[in-house]
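Dear colleague,

I am handing over the structure below, and my notes on its helices and aromatic residues follow it. Please read them with the model open.

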Amino acid sequence: MHAKESFADFIKRWRSKAALLTDRLSEKDQIRIISRNLLLDFAKNLVLVQGASFETFFDSGLATEEALQIGILQRTKSLYTIKW
């Protein structure tokens, strides 16, 4: 995920790349891979919904983004992704 990229744009970009795979990934695997490539602000707030459906994960990501934008959640100083 790029620093200035929206969550929805990141998911759209990732899903278009995943669609090119010959072997379709499960929702669980997609969420796991996406989570490893999120900015820290998203990753730390979405860690608990990784076992959910992709729709729930996506909706939670949008809610996280909105909460960061309006100041309900604090941004971290680092823009880097989590290293698993």
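Phe7 is buried, its relative accessible area being 0%, where buried means under 20% relative accessible area, exposed over 50% and partly exposed in between, with a 1.4 Å probe and protein chains only. The model is a predicted one, in which local features need pLDDT of at least 70 and side-chain atom pairs count only at pLDDT 80 or more, while totals for chains, interfaces and linings use all residues. Residues are numbered from 1 along each chain as its sequence is written, and side-chain values use heavy atoms, with hydrogens and water left out.

Helices here are DSSP runs of H or I with at least four residues, numbered from the N terminus. The buried residues of helix 1 are Phe7, Phe10, Ile11, Trp14 and Ala18; they lie on the same side of helix 1, because they cover an arc of only 95 degrees around the axis, taken from the directions from the helix axis to the C-beta atoms. These residues pack against helix 2 (27-36), helix 3 (40-46) and helix 4 (54-70).

Rings of Phe, Tyr and Trp (its six-membered ring) pair if their centres lie within 6.5 Å, and planes under 30 degrees apart count as stacked, over 60 as edge-to-face and the rest as tilted; the count comes to four aromatic pairs. The rings of Phe7 and Phe42 are stacked, with centres 5.6 Å apart and planes at 15 degrees, and this pair ties helix 1 to helix 3 across 35 residues in sequence. Phe42 is likewise buried, at 4% relative accessible area. Phe54 and Phe57 form a tilted pair, 6.3 Å centre to centre with 50 degrees between the planes.

Notes:
Helices (H or I, at least four residues) and strands (E, at least two) are DSSP runs, numbered from the N terminus. Contact means heavy atoms within 4.5 Å.
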